Every structure is written in structure tokens, then in C-alpha cells.
Amino acid sequence: GEEGYHTAFFTDIQSFSAFSEKLTANDLVELLNDYLTEMTDILLDNKGTLDKYIGDAIVAFYGAPAPVDDHEYWACLTAVKMQDRLAELREKWQEEGDRWPEIVHNMQNRIGINTGSLVTGNMGSTMRMNYTMMGDTVNLAARLEPAAKHYGVYIFVAEHTQKAVADLFEWRFLDYLKVKGKKKPVKGYELISLKNEMSDNQSQLVQAFDEGIKLYKKQDWTKAKKRFKEALSLEEKFADRPTTPSDVYLDRCDYFKAEPPGKDWDGIWTMKTK
């Protein structure tokens, strides 16, 4: 293996196990191949390296084996384009009517992205090897993708990536958290869109949410709740969205109001589950 500074990228379909209950094996394969083809084309067109498929999950990285300048940008651009293309696929599946059950019409995928030092190379046994990636950077990216469901977001990006492309995309700061299995906290961001492509509703949402976060950090739970309620009214509502960041922080304000964290509170949230 060769160590380098690269970007790791993970994505999979939300609640995919439920798809297998609704579809025949043949239909499931057809749907999955259609989805994976579209997503992989976007990945490869935007300088990504496909590592492997794990069921419905796509594992990829940027910057190896061939060097890629601005790999943080290309990874984030891939995520935005994947979300846009999936929206088009949902429309196509809906237009096909009864061909697909409602769960397909509402398909969402989650994406986790992190940048840092990682090792790429041929790994495996003497009989079979795979060109892949390993390292702490990879582990965090892999944790961010499932962590996104706890906030109800679909592109979750670590600060190491976000800092490099902060001025090229629109963001919402989500949390200062420790993902399960990791001791070091990381700042996590929701990637919303390319720069200057947020809707008016999204701009108002980010502003209200950011104000809530500032009050939350000051432990002013009552005023923070007021801002998060404003943000909640602006959150996008669609089928099968498990929660929203505003919902999450409203619950936390209630929790900390009853159980104050104390003056030495560092604002870090430790996740107990993946």
C-alpha cells in the first residue's frame, strides 16, 4: 500500500433491506443495477475511483491511483450530482406507475465524505487481491454515512473536507460529534448545494438553524428551542425522512434543560449507535 492525502466516499440506499421485502429477486436486481449504473457513471465522470460494491453500497475514493487535484471538490460535486440524478430517477419510476411499489418512488441515498491520510493499494490474500483503501480517514467516512440518518440528512461531510471547499458549496453545520467507535470528535456538515444555488427556503432554514446552534452552545435552551422551531417549519418534508436536524436539537434542548451539562461542557455529542 501507498499512503497519501485523499478523500474517501461512501454511499448506500436508505432502508434498502425493506426493498427486498417489496420486490421479487429479479426486480430487485434490475432496480439495483439501474441505480448503481447511474451513480457509478457520475462517480467515474467526476474523477472518482470505484473501490467496490457492497450490496447497494458504493465505496470509492479520490486521488489514487492517479493523482487528482482538488479531490475534495470532486467528491462533493459527485455527491450533489448523485442526489440530483436520484431525484430524476424517482420521477422516472413514479411515471412508470404500478411497475414499482411506493418505496421505490421515494428512494433516498445517504453519502458520507471525509478527507485525510489513507493507504491505497492491493490488499487481500495471495489468491485474491483488491485495490482498496484503509485507514482512520476511511473509518470515519464509513461512520458518517450511517450517522447521517440520525440527523435526517443525506450528504454528511467531515470538517477536513468541508474546509477545503467551504467557498464552493452551501453548507449547514450539524454537530461536533464523536461517531461510534471513535474517540476523536469531528465537526460534521450537511452539504446542501453548489454555491449560490440554495433556494430562499433553504437560506432561511440555515440562518434560523445557525442562530439556534449559537444559543444551544451558550446553553440558552429556551431561546435555542424557539429558533429550532422556526427552522423546523422550513425543513423539507418528504416521505420516509426519519427526522430532521431541527427535530434532533429540539429534543436535545429538552434533555439538557432537564439535565444541564455544566459550565465545562464542550458541546461534543457522543453517538452510541452506528
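Is histidine 105 buried or exposed, and what is its relative accessible area? Histidine 105 is buried, with a relative accessible area of 15%, where buried means under 20% relative accessible area, exposed over 50% and partly exposed in between, computed with a 1.4 Å probe on protein chains only. The model is a predicted one, in which local features need pLDDT of at least 70 and side-chain atom pairs count only at pLDDT 80 or more, while totals for chains, interfaces and linings use all residues. Residues are numbered from 1 along each chain as its sequence is written, and side-chain values use heavy atoms, with hydrogens and water left out.

**The chain as a whole**

- The protein chain holds 9 helices and 9 strands, which are DSSP runs numbered from the N terminus, with helices (H or I) of at least four residues and strands (E) of at least two.
- For 274 residues a compact globule would have a radius of gyration near 19 Å, and the 19 Å of the protein chain agrees with that; the radius is taken over C-alpha atoms, and the globule rule is 2.2 Å times the number of residues to the power 0.38.
- The C-alpha trace spans about 60 × 50 × 35 Å along its principal axes, and buried residues make up 51% of the 274 residues.
- Of the contacts with a separation of 6 or more, 67% are between residues 24 or more positions apart, contact meaning heavy atoms within 4.5 Å.

**Helix H8 with helix H9**

- The axes of H8 (residues 221-234) and H9 (residues 245-258) come within 9 Å and cross at roughly 165 degrees; axes are lines fitted to C-alpha atoms, for helices over the stretch in contact, and angles run from 0 to 180 degrees between N-to-C directions.
- H8 and H9 are therefore roughly antiparallel to each other, given that angles under 35 degrees count as roughly parallel, over 145 as roughly antiparallel, 65 to 115 as roughly perpendicular and the rest as oblique.
- Their crossing is left-handed, a term used if the near helix is turned anticlockwise from the far one by less than a right angle.
- Residues of H8 including Trp221, Phe228 and Leu232 meet residues of H9 including Tyr249, Leu250 and Phe256.
- The contact of H8 with H9 has 9 nonpolar, 2 polar and 5 charged residues, where Ala, Val, Leu, Ile, Met, Phe, Trp, Tyr, Cys and Pro count as nonpolar, Asp, Glu, Lys and Arg as charged, and the others, Gly among them, as polar.

**Helix H7 with helix H9**

- H7 and H9 pack at an angle of about 20 degrees with their axes 11 Å apart, and that makes H7 roughly parallel to H9.
- The crossing of H7 and H9 is left-handed, and the contact is made by Leu205, Phe209, Ile213 and Tyr216 of H7 with residues of H9, among them Pro245, Arg252 and Cys253.
- By class, this contact divides into 8 nonpolar residues, 1 polar and 1 charged.

**Individual residues**

- Histidine 105 is found in helix H4 (residues 102-105) and, leaving aside its neighbours within four places in sequence, is in contact with Arg90, Trp93, Gln94, Gly97 and Trp100.
- Serine 15, although not a glycine, has a positive phi of about 55 degrees; serine 15 lies in the loop between strand S1 (2-13) and helix H1 (16-22).
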